[in-house]
Amino acid sequence: MNKLIQTSLSLILTLYCSAEILKKPTSYSSDLYKEIILNGSYDPSIDHPNEFLDFNYGERVASPEQIENAINTYKQQSNKIKVLNYAISHEGRPLHALIISSPENIAQIDVIKENLSSLSDARITNDREAKKIIDSLPAIAWMAYSIHGNETSGSDAALGLIYHLIASNDSEVENLLDNMIVIVDPVMNPDGRSRFTKSLEQYRGTAPNYDDQSLIHTGDWPYGRTNHYYFDLNRDWIYLTQPETQGRVSLINEWKPQILVDAHEMGAQDTFMTGPAREPINKNMDRDLVKWGNVFAQDQGSEFDRRNWRFYTGEWHEDLYPGYSFYVNFRGTLGILYEQSRMAEDGVRRPEGTVQSYKESVHHQFVSSLTNLNTLLNNSKAMYSDYWEARKLNISNESEWANQTFVILPTKNSSRINTLANKLKSQNIEIFSNKKSIYVKNVEKQTGDIIEEFNIPAGSMIIPNRQPEAPLISAILEFDAEIDEDVLKKEREATLRDGSSIMYDTTAFNFTMMYGLEAVTVPENIKGNLSLWEPSSVKIDVDNEAIMWIVDGTDDLSVSFAARLMEQNVQVRIVDKDISLSGKNLSRGSPVVITLDNPENSNLVQLIKNTAKDLNVSVSSLYTGFGPEELPDWGGRHFRLLNKPQIAILSHEGFSSYDVGVSWWSLDHHLGIRHSQLNTSMIGYADLRRYNTLVMPSGYRSLNQGEMSVLKEWVKQGGTLIANNGSTRMLVSDNSITSIKDVSDSFENSHEYNIKLQREFLSKNISIDLDHVNNNKVTSDISYPWEETENRIDSDTLKKRDKWQSLFMPSGAFVSGRIDDKHWLTFGIIDTLPLLYSNFPVLMASSDSKAVIRVGELINDANQDIYKTINWSDIPAGNDLNIRMSGLVWPEASARIANSAYLTQERYGKGQIILFSGEPNFRGSSLGTNRLWLNSVVYGSGLGTSSRITP
Ligand SMILES: [Zn+2]
C-alpha cells in the first residue's frame with residue numbers, strides 16, 4: 001500500500017473509532033486557564049512552539065523529542081542561538097545547552113569566556129584589570145529545567161522561554177540579550193522525562209483527570225524522577241557519577257554563570273517556593289550570595305503578588321549538602337531554586353475546590369524565569385564586583401581556608417584514588433604530590449583525633465586550600481561540616497516532638513570518607529616541594545612464559561579483572577593472605593590466573609592481556625609458586641578457587657528504586673558483566689537455578705511464606721543471598737533464614753552476644769603467661785570477661801533504653817567501622833572504614849555467624865581502667881570506642897549502634913546469607929563500602945559456599 005493511502009486510512013479509522021468507541025468528555029482542561037503564556041509580538045520567521053507539539057503550548061507535557069525538534073529548528077532559524085550538546089544520556093538522548101544572546105555577543109563567546117577565567121583567578125589578574133573586565137562583560141545566566149523527569153512544567157516553560165528570547169520583537173527583550181548571555185538547559189534529565197511522558201500517554205483517558213492520586217499523575221515504579229539507572233541527578237553534582245552531570249558540570253564550570261536557576265516541582269497540593277535557603281546552610285558558602293538571593297526573591301515575589309499567585313520562600317529548603325545544583329554557590333554563582341506544585345497534566349483539584357491547571361504551572365515557571373533574568377540585568381555589575389572580591393579572598397592568607405591543607409595518604413588502590421583525582425579536577429581543583437615526606441604538626445585524623453607530630457608520607461595527594469576554588473574544596477573535603485547549635489536545638493526539638501527532622505539530606509558527605517581513603521587535615525598552607533599530582537602508571541606485564549598472572553587485591557579493579565575473566569570461563573583463584581612471589585609483594589585479595597587451572601584454554605594469555613587493557617589495570621607475571629618462609633605457596637589452601645558469579649537483582653514494586661538502580665549501575669559500571677533484573681513477583685515460579693548470587697536491594701516488601709521457602713531452598717542448595725537495609729530488616733524479622741537479630745529483639749540473649757564480642761576482642765590481643773599456662777595444677781585463677789564488669793544492665797532496662805535511643809537514629813552520617821581483617825569480604829578495605837549510617841537495622845551477630853564489620857573503632861585509652869559497659873556490650877579495660885566521624889550522630893544513637901554489626905556473613909545449608917545493615921552503594925559514590933558489596937557479589941559464590949563439582 002502506498003504510504004499516503006495508508007496514512008489517510010488510519011486517520012479515517014481513528015476518527016471513526018473515537019466517535020464510536022469512546023465518548024467525548026463533558027469539559028476540557030484547556031478551558032481551565034485562559035491566560036496566554038506567549039503573548040508578545042514575535043518574529044513570524046521563527047516557528048511558534050505549537051508547530052512542534054500535538055497540543056497547544058503549555059496545555060500538556062512536551063516530550064524530550066518534541067523539544068529536541070524545536071531546538072534543531074531554532075538553531076537554523078535564528079542567529080541569536082548557539083546549541084551545544086554537552087552529554088548523551090544512558091538511553092542515547094542528547095543533552096543541550098542553548099546559548100542565547102545578541103548575535104554580537106555570540107560572536108564574542110571565546111573572548112567572554114577568557115575574560116571570565118581571568119576574573120576568576122586573582123593570582124593572574126589585578127584590580128584594575130578586573131574592573132575593565134567587569135565593565136565589558138555581559139551578565140550570564142544559566143537556566144536549567146526539570147532535573148527530575150516527572151517534574152515536567154520546567155521544561156515546558158523552557159521551550160517557551162527559548163522562543164520568547166529569540167523571537168520577541170520587544171525592545172526590552174532585545175536589550176536583555178544585548179547585555180546578557182542566557183544559557184538554557186531545557187531538559188536536564190531526558191531519560192526520566194521520557195519515562196514519565198510515556199506513562200502519561202499510557203494512562204491518558206478521554207476526560208481530563210484532576211485527581212493527583214491517579215496513575216496519570218503518579219506514574220509507575222521506578223517513576224520519572226530519576227535517570228536511566230534510577231539516580232537522583234540532583235544529588236550527583238559533586239560526585240559526578242552520571243553522564244548528564246559530568247557534561248553539565250564541566251560546561252557550567254567553564255561558563256561561571258552569575259545565577260543558576262534550577263526549576264523543580266513539589267507536592268501537588270503545595271503552591272510555589274523560591275528564594276534563599278534557611279539554616280542549616282553550609283558554612284563554606286559565600287554569604288553575599290544569601291544577600292543576592294533575597295534581592296531575586298523579592299522581585300519574583302512582587303511579580304507573583306502582582307499576578308495574584310501564591311508563593312513562599314525558605315521553609316523546608318536548607319542547604320547543608322553540597323551535592324545539589326547549589327554546588328555552584330561554593331564557586332560564586334547564586335543558585336536559585338523553583339519548586340512549583342506538581343500538576344503532571346490537565347491539572348489538580350485542591351481542597352478549596354478549585355482546579356489548578358497544568359498550563360498555569362508552566363506559566364509560573366516562565367514568569368519566574370523572565371523576572372529573574374531582569375533582576376540579574378539590573379544587578380549584574382554589582383554581583384560581578386562581589387564575585388571578584390570573593391575570588392581575591394579565596395587566594396589570600398586572610399580567608400578562613402588559607403591555613404588548611406587536605407592530604408590523602410598513599411594507597412595501592414590506584415583506580416580509586418585516580419577516580420578521586422578526576423572528580424576534583426572536574427571542579428578545577430589543583431592537586432599536588434610530594435616526592436619526600438613532609439613534617440607537620442597537629443594534624444587532624446578522620447576520627448577527629450589530633451596527632452601532634454606527623455610525617456606526610458611521600459606520594460600522598462596534597463590539596464593546599466589557598467586556591468581559587470577554596471570554598472568548594474572545603475565543602476567537599478572537610479571531615480565535618482559545622483552545624484550551628486541553634487540548628488541542633490531545632491532538630492532535637494523536632495525529633496522529640498514528633499520524630500520529624502529539619503535536615504533534608506545527609507549531614508555527612510566528604511569525599512575521602514565516601515571513598516574509604518585515609519586522609520588527614522593539616523592546619524597550615526603546605527607549599528614547598530610539591531609537584532602536580534600524576535596518576536601512577538599502569539604496567540601490564542603478561543609474559544607467555546609465566547606460570548601465573550596476578551593483580552594486586554587492594555585495587556578495586558582487581559575485582560573487575562576477576563569477574564570479567566570468569567565471565568569468559570577462565571578459572572581464577574584468589575589469594576586470601578598477603579603474599580610474596582617472584583620478588584613481588586601482593587596484598588590479600590589478589591586474583592590470580594594459573595596456567596595449570598586452565599589447561600584447555602589456548603587463548604589464555606591474550607584474554608588476560610585484553611582484560612587488563614580494557615580495565616587499564618596493572619598485571620604482574622609470576623614464575624614460581626614458592627612463597628619464602630611462612631608465606632603462602634601456590635598449592636596451599638590460601639590460593640582459593642573462585643566460582644563464576646551468575647547474578648540476579650530482585651527488583652520492582654516494593655524495592656527502593658534508588659538501591660535497585662545503584663546495584664544495577666554498580667555491576668554495569670564497575671564490572672560490566674552479565675546479570676538479570678528479576679521482577680520479584682516471579683520469585684515463586686522462576687527457575688532460580690540459573691543464578692548462584694541473588695541481590696536483594698533495600699526494600700519495603702515482605703516475602704510471603706511461599707516465596708520465602710523458595711528462597712531458603714535456593715540458598716540451602718548453595719546460593720549466595722545478599723541483602724541491604726530494608727530487605728535485611730525483613731529477613732532478620734522473618735526469623736527463619738538467618739540467626740542475625742535486630743537489637744530490639746535481642747535483649748533476652750544479650751549475654752551471648754557480648755560473649756561473642758569479647759572473643760573477638762580477646763583474640764586480637766593475646767598475651768601468654770607461660771608459668772600460668774604450664775602449671776600442672778588445676779587453678780581457680782581464671783578471668784572471665786563478663787565478670788570484669790560490675791554494671792551489667794538487665795533486659796528490661798535495655799529494652800526501655802533501646803526504644804528511647806531509637807528515636808535519635810542518624811539520617812546520613814559517618815560512623816567508624818572496624819573490620820575483620822581476615823575475612824574475604826574485607827579484601828581491599830582500610831582498617832577503619834567510614835560507614836554512611838542512617839536509620840538502619842541494628843544487627844546482632846550470633847555465634848553461628850561472622851560479624852565482618854562492626855560499628856566503632858577500638859582505640860587505646862589508658863584512662864579506662866575498667867570495662868566500660870555500653871548497653872549490651874562491654875569494652876575491655878584500657879580501650880575506648882570511637883563512633884561518630886562526621887555529621888549528626890546523637891549520643892543516644894552512638895550508644896545504640898556501638899559494637900553492632902554493619903555487615904554479617906553466615907552459612908545456610910550449602911549456601912550463605914550476607915547482610916548489609918545499610919546501603920553500601922549509596923549514590924554510586926560510597927566507594928569504601930561499595931568494595932565490600934563488589935567482593936560479596938563477585939567472590940561470594942566461590943569463597944562462602946560449599947564448592948560444587950560439576951560431573
Ligand atoms: Zn525536584
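1. N379 is buried, at 18% relative accessibility; buried means under 20% relative accessible area, exposed over 50%, and partly exposed in between (1.4 Å probe, protein chains only). N379 sits in helix α12, residues 358-395. Helices (H or I, at least four residues) and strands (E, at least two) are DSSP runs, numbered from the N terminus. Residues up to four places away in sequence aside, N379 touches W292 and V295, where contact means heavy atoms within 4.5 Å.

2. This is a predicted model, in which local features need pLDDT of at least 70 and side-chain atom pairs count only at pLDDT 80 or more, while totals for chains, interfaces and linings use all residues. Residues are numbered from 1 along each chain as its sequence is written, and side-chain values use heavy atoms, with hydrogens and water left out.

3. The mean pLDDT (the predictor's confidence in each residue, from 0 to 100) of the chain is 94, and 98% of its residues reach 70 or more. Over residues 3-12 the pLDDT is below 50, and this stretch has two contacts in the model beyond near neighbours in sequence. Where pLDDT is low, the predicted coordinates should not be read in detail.

4. The zinc ion is coordinated by H148 (ND1), E151 (OE), E151 (OE) and H264 (ND1), at 2.0 to 2.6 Å. Donors are N, O and S atoms within 2.8 Å of the metal (3.2 Å for Na, K and Ca); water is not among the atoms, so sites may look incomplete. Along the chain the donors have the spacing H-x2-E-x112-H. H148 is buried at 3% relative accessible area, and E151 is buried at 6%.

5. The arrangement around the zinc ion is irregular because the four donor atoms subtend angles of 54 to 154 degrees. Four donors count as tetrahedral if all angles lie between 85 and 135 degrees; four count as square planar and six as octahedral if opposite donors are over 155 degrees apart and all others between 65 and 115; anything else is irregular.

6. An open sheet of eight strands has the order β1-β2-β4-β3-β5-β10-β6-β8, with mixed pairing. Two strands pair if DSSP finds at least two bridges between them. β1 (81-88) and β8 (312-313) stand at the edges with a single partner strand each, so one side of each has no neighbour in the sheet. Strand β6 (residues 272-274) pairs with β8 in the parallel sense over two bridges, and T274 stands opposite T313 in β8.

7. In strand β41 (residues 901-908), seven of the eight residues are buried. Strand β35 (residues 850-855) runs antiparallel to β41 and is joined to it by four bridges, with A851 opposite T904. Strand β42 (residues 911-916) pairs with β41 in the antiparallel sense over six bridges; here L903 has F916 as its bridge partner. β41 and β42 form a hairpin with two residues between them, and G909 in the turn has a positive phi of about 60 degrees.

8. A nonpolar core is a set of buried Ala, Val, Leu, Ile, Met, Phe, Trp, Tyr and Cys residues joined through side-chain atoms within 4.5 Å. The largest has 114 residues, of which F561, M696, L721 and Y939 touch the most other members. Another core, of 87 residues, lies apart from it and includes I181, V249, L420 and L888.

9. I866 lies in the loop between β36 (857-860) and β37 (868-870) and is partly exposed, at 47% relative accessibility. Leaving aside neighbours within four places in sequence, I866 is in contact with I875 and A877.
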